[in-house]
Amino acid sequence: MTTSAGRNELPTRAPRKRAGRGAARPDDADEVGLDALVGHAGYAVRRFQIWIFQDFVRTLASVDIRPTQYSVMTVIGANPGLSQMAVAKRLGIERARLVHLLDSLEGRKLVRRIKSKTDRRSHALHLTAQGGLSLAKFKQLAAEHERHVEEKIGRGNRERLLQILAGFT
């Protein structure tokens with residue numbers, strides 16, 4: 001908008017009216033009250049989890065690895081020869097979803113499945129040489145992500161949080 005003096009000015013917004021009975025409420029998220037959710041640990045943990053996942057994905061975007069893929073590779077790297085069933089149980093992943101994840105990691109030549117010599121229905125999981133090198137890089141980036149968490153909540157709070165959550169791992 002140009003004034004008679006030739007200056008460009010932004011139009012001013014009319015003050016917001018409070019929503020009345022049956023009127024639409026504002027969409028501004030900061031104005032939406034949370035009521036009892038403020039005191040719910042589950043709600044706070046979920047919101048923190050969303051932030052954590054978003055930061056992890058952003059921090060590891062250059063290597064195209066997701067949190068669950070990283071978890072699977074980390075467990076396989078620490079336990080070569082583990083069965084798919086053992087990985088699924090330990091990480092709480094549905095077997096069908098794990099199969100899909102392993103297909104993806106195998107397609108990227110990061111993980112390999114070797115048929116078990118003792119149980120034809122089972123596969124032993126191993127990192128490939130490329131998978132081992134890649135996991136080392138992923139761990140460096142994951143450490144950077146953990147530094148972001150520490151910056152967000154503080155070192156002492158991060159340590160306390162890990163202690164509190166240790167019973168769930």
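Predicted model: local features only at pLDDT ≥ 70, side-chain atom pairs only at ≥ 80, totals over all residues.
Residues are numbered from 1 along each chain as its sequence is written, and side-chain values use heavy atoms, with hydrogens and water left out.

**View 1. Overview of the chain and its elements.** The chain holds six helices and three strands, which follow one another from the N terminus as α-α-β-α-α-β-β-α-α; helices (H or I, at least four residues) and strands (E, at least two) are DSSP runs, numbered from the N terminus. Of the 169 residues, 24% are buried, where buried means under 20% relative accessible area, exposed over 50% and partly exposed in between (1.4 Å probe, protein chains only). Among contacts with a separation of 6 or more, 51% come from residues 24 or more positions apart, a contact being heavy atoms within 4.5 Å.

**View 2. The largest nonpolar core.** This core has 24 residues, and those with the most contacts inside it are I65, V72, M73, I76, V111 and F138; a nonpolar core is a set of buried Ala, Val, Leu, Ile, Met, Phe, Trp, Tyr and Cys residues joined through side-chain atoms within 4.5 Å. Two or more residues are given to the core by each of α2 (67-78), α3 (84-91), α4 (95-107), β3 (123-127) and α5 (129-153), and the largest share, five residues, comes from α2. Leaving aside neighbours within four places in sequence, M73 is in contact with I65, L105, L110, V111, L127, G131, L135 and F138.

**View 3. Helix α1 and its buried side.** With 19 residues, α1 reaches 26 Å from its first C-alpha to its last, close to the 27 Å expected at 1.5 Å a residue, the expected span being 1.5 Å times one less than the number of residues. The buried residues of α1 are I52, D55, F56 and T59, and they cover an arc of only 100° around the axis, which puts them on the same side of α1; the arc is that of the directions from the helix axis to the C-beta atoms. What covers these residues includes α2 and α5, while the face turned away from the buried side carries the exposed residues G42 and R58.

**View 4. The aromatic pairs.** A search of the whole structure finds two aromatic pairs, for which rings of Phe, Tyr and Trp (its six-membered ring) must have centres within 6.5 Å, with planes under 30 degrees apart counted as stacked, over 60 as edge-to-face and the rest as tilted. F48 and W51 form a stacked pair, 6.1 Å centre to centre with 5° between the planes. The rings of F56 and Y70 have their centres 5.6 Å apart and their planes at 55°, so this pair is tilted; it links distant parts of the chain, F56 in helix α1 and Y70 in helix α2, 14 residues apart.

**View 5. Surroundings of H126.** H126 lies in strand β3 and is partly exposed, with a relative accessible area of 21%. Not counting residues up to four places away in sequence, H126 touches I76, P80, G81, L110, V111, R112 and I114.
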